[in-house]
Structure formats: C-alpha cells, structure tokens
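Hi,

Here is the structure I promised to pass on. Have a look at it first, and then read on for what I found.

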Amino acid sequence: MREIYFDNGATTKPTEQVVQIMTKVLTEDYGNPSSLHRKGQAAEQYVIEARKRIAGSLRVPEFSIYFTSGATESSNTALLGAAARAGKHRRILAWPGEHPATGETLKRLSEEGFEVTYLPVDKDGKVLLEALEEAVDEDVCLVTCMHVNNETGLIQPIDRIGRIVHKAAPKAMFHVDAVQSFGKLPIDPIAWEIDLMSTSAHKIHGPKGIGFLYIAKNQYIPSLVRGGGQERGFRSGTENVPGIAGFGQAVVEAYADMEGHAQHMQHLKEMLLQEAQEKIEGIRCNGPDIHESAPHVLNLQIEGVRSEVLLHTLEDYGIYVSSGSACASNKPEEKSPALSALGLTASEIDASLRISFSRYNTEEEVHEFVRVLEQTIPMLRRFRRK
Ligand code: PLP
C-alpha cells in the first residue's frame with residue numbers, strides 16, 4: 001500500500017544522505033571524539049564540521065552551539081539555567097500555548113517559587129506586544145516564546161520580542177523554542193537578540209535524539225549534566241557522533257533551498273485547504289490565516305467527526321496525520337495548549353486534525369488525501385449521529 005506521510009510536525013524521514021553519513025560513522029568512523037588516536041580524531045572531525053555548518057547557517061559563532069539530546073533537553077537546560085542565574089529577579093513571562101518541553105519546565109519553576117505570567121494573545125494566539133511591553137520590568141529574569149507553533153503553524157513576532165525585553169530588563173534572558181522553524185524559516189539570533197534557542201534534528205529530516213542549544217555570546221547559564229566535560233564542559237557525556245553528523249547534513253540540505261522548500265509546502269497547504277473546502281462541507285482552518293502561518297502546518301476542524309477516529313480511519317488508507325488532542329482529558333488546556341489558547345472548546349479540539357508537510361510531499365498526495373476524506377468523512381458523520 002502507498003503511504004502518504006502528512007505528520008512531519010511530529011517527525012520527518014531522514015534523507016538518504018543523512019542515513020549515509022550516519023551509517024559511515026556507525027560502521028567506520030566509530031571512534032570516541034575524546035580519544036587521542038586517529039580514530040578518535042576522525043570522529044571529532046564530524047562534530048567540528050557539523051557545528052561549523054549549523055553556526056554558519058545561523059550566522060553565529062561556533063562556540064554558541066551546544067549539542068544536546070534534542071529540544072526537550074535544550075529547553076529544560078535553558079529555562080532551569082536562566083532561573084538559576086535569576087538572583088532576586090523572580091518573574092518569568094511566557095506564552096500560554098508552549099510545547100510541554102517548555103510548559104512543564106515552567107510549572108516546575110512556578111512550584112519552586114518563580115512568578116510565571118502567561119501573556120495575553122490575540123484571536124490567533126499571537127503575543128500582544130503592547131501587553132509584553134507593559135508586563136516586562138527589571139524583576140523579569142526570563143521570557144520564553146516559541147517561534148512556530150507545532151499545532152497551528154502560528155508564527156510569533158520573535159524578531160521584535162527580544163528588543164522589547166532587553167530594553168526594559170537588560171539582564172533578562174530571552175529563550176526561543178525554534179523546533180518548528182529552524183531549517184524552514186529564516187532565523188537571525190543575533191539581530192533578534194535571542195539569548196537561548198532550542199532546536200531538534202528530527203523535524204528537518206535528521207535523526208532523533210539530537211538537537212542543540214544556542215547560547216548567545218556574552219551569556220552564561222550553568223550546566224545541567226556534569227561528567228567528562230564534553231561540549232566545553234557544558235554538556236558532559238560522549239557525543240552522539242552519528243546523530244551530530246546526521247544533523248549537520250540535514251541542516252546543509254534544509255538550507256540549500258529553504259525558500260523553495262517553503263514555497264512548495266505553502267502551495268500544498270493552500271491547495272489542500274481549498275480542495276477540501278470545495279468538496280466537503282463543515283471544514284474550517286484553526287488558527288491564523290493560512291497565508292500568514294508556517295508553510296508546513298495546517299490545522300483543520302472537521303464538524304461532526306472525532307479526529308482521533310478519523311486519524312485511525314486514514315491510517316487504514318496508509319495516510320498518517322495527527323489529531324488535535326493529545327490526551328483524553330476534558331479540559332481544553334490539557335488536550336491542546338495551542339488550540340485552547342485560541343479559545344476552542346474541548347469538543348472543537350476533539351474535531352481538529354493537524355496535517356503537516358515536508359518538502360518531499362507532492363500535489364498527487366494532496367489530491368489522494370482529499371479523495372479519501374471525501375469518502376470517509378460522510379461515513380463517520382453518519383456513524384456519529386446514530
Ligand atoms: N518543541 C516543539 C515546538 C516541538 O514540536 C517538539 C517536538 O515535538 C519539541 C519541542 C520537543 O523536541 P524533541 O523531540 O527534540 O525533544
């Protein structure tokens with residue numbers, strides 16, 4: 001059966017070149033980068049090269065890039081590290097629709113006595129900059145905001161937030177979860193005054209279990225993982241060399257034609273929404289206008305259908321997507337932080353489906369997907385009414 005993979009917001013398929021370089025590291029250049037002999041040096045070379053490529057793509061110094069096990073570790077390290085440096089400044093400003101990697105860490109900090117304030121948002125979930133200006137003062141030690149939302153594709157005005165924060169609170173750190181934007185949209189950490197930034201390789205056709213934390217020049221946070229002193233003492237543990245090499249390769253490929261890839265995914269997204277709405281009643285788009293959201297994420301609300309049921313029905317056709325709700329709770333904010341930040345009810349969240357593209361998806365896949373929706377949705381709606 002042919003597969004249509006529209007769940008690229010969850011993870012992506014590693015490219016052939018990524019698999020090739022990782023296989024070479026696993027089978028030939030498997031030395032420990034800390035070993036003094038030739039095999040160790042060969043392994044170290046992959047780490048040096050990947051760091052150089054990643055830093056080059058963001059136009060930041062190589063020493064700003066620290067490899068981690070992925071964005072969850074990066075965000076934990078960033079937030080807990082910023083909090084550890086806070087001194088008497090105990091306020092944290094955040095956005096209500098953060099990924100649990102950030103959201104759960106904020107909960108922990110709140111339990112530890114930090115005052116965490118969630119900023120008000122507009123109807124699409126975008127941070128209101130005037131509200132930020134009002135909320136930020138010298139007591140703020142940390143502001144955290146994700147760049148592209150994984151559920152709705154909303155793009156936050158990251159380019160403007162850093163300046164507002166540092167003007168009012170020069171010592172506050174600005175953390176960005178860039179998991180869904182890195183390698184897909186331009187990011188300029190220096191010009192945007194980002195202090196800490198979390199990313200992950202597996203969202204851009206790299207391997208799982210590898211990411212990096214960007215720490216701006218002149219910024220310092222304490223390390224969470226102590227041991228052998230790898231990553232210049234910041235993140236101990238033998239480097240995941242196959243992962244790092246694969247990440248470096250994925251970044252090169254992502255940046256080779258980032259604009260072209262974005263245009264292609266945007267075209268598929270617009271085509272899918274238009275075709276689905278023409279052919280099927282009761283479909284609307286959750287979140288921002290699709291011309292303003294990230295090119296790879298489309299969130300649909302399908303009247304009268306539980307998306308979890310639709311997801312499993314689509315699976316029988318070899319089609320993979322995500323449902324809006326990640327758990328069985330009846331509370332909207334527990335079901336989906338981003339959709340609940342838009343004011344959706346629990347049942348609207350249950351009817352929401354996330355379709356997320358990669359540069360390798362095709363128009364033919366979109367046509368086929370809509371054909372399958374046309375067949376299955378009326379059937380599921382009838383079934384629901386009984
Ligand atoms: N932040 C966002 C926006 C994500 O989409 C994800 C992955 O789903 C993460 C953080 C966590 O990334 P990782 O899987 O690398 O820990």
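The strands β9, β10, β13 and β12, in that order, form an open sheet of 4 strands with antiparallel pairing. Please keep in mind that this is a predicted model. At the edges of the sheet stand β9 (283-285) and β12 (322-323); each has a single partner strand, so one side of each is left without a neighbour in the sheet.

What holds β9 to its partner? Strands of a sheet pair through backbone hydrogen bonds. Here, β9 and β10 (residues 297-302) run antiparallel and are joined by 3 bridges.

Now to another part of the chain, helix α2. This helix covers residues 38-58, 21 residues in total. From first C-alpha to last it reaches 31 Å, close to the 30 Å expected at 1.5 Å a residue.

Which residues of α2 are buried? They are G40, A43, Y46, V47, A50, R51, I54, A55, S57 and L58. Viewed down the axis of α2, these buried residues fall within an arc of 165°, so they line one face of the helix.

Enjoy exploring!

Technical notes
Residues numbered from 1 in each chain as written. Predicted model: local features only at pLDDT ≥ 70, side-chain atom pairs only at ≥ 80, totals over all residues. Heavy atoms only, no water. Helix = DSSP H or I, 4+ residues; strand = E, 2+ residues; numbered from the N terminus. Expected span 1.5 Å × (residues − 1). Buried < 20%, exposed > 50% of the residue type's maximum accessible area, 1.4 Å probe, protein only. Arc of directions from axis to C-beta. Pairing = 2+ DSSP bridges.
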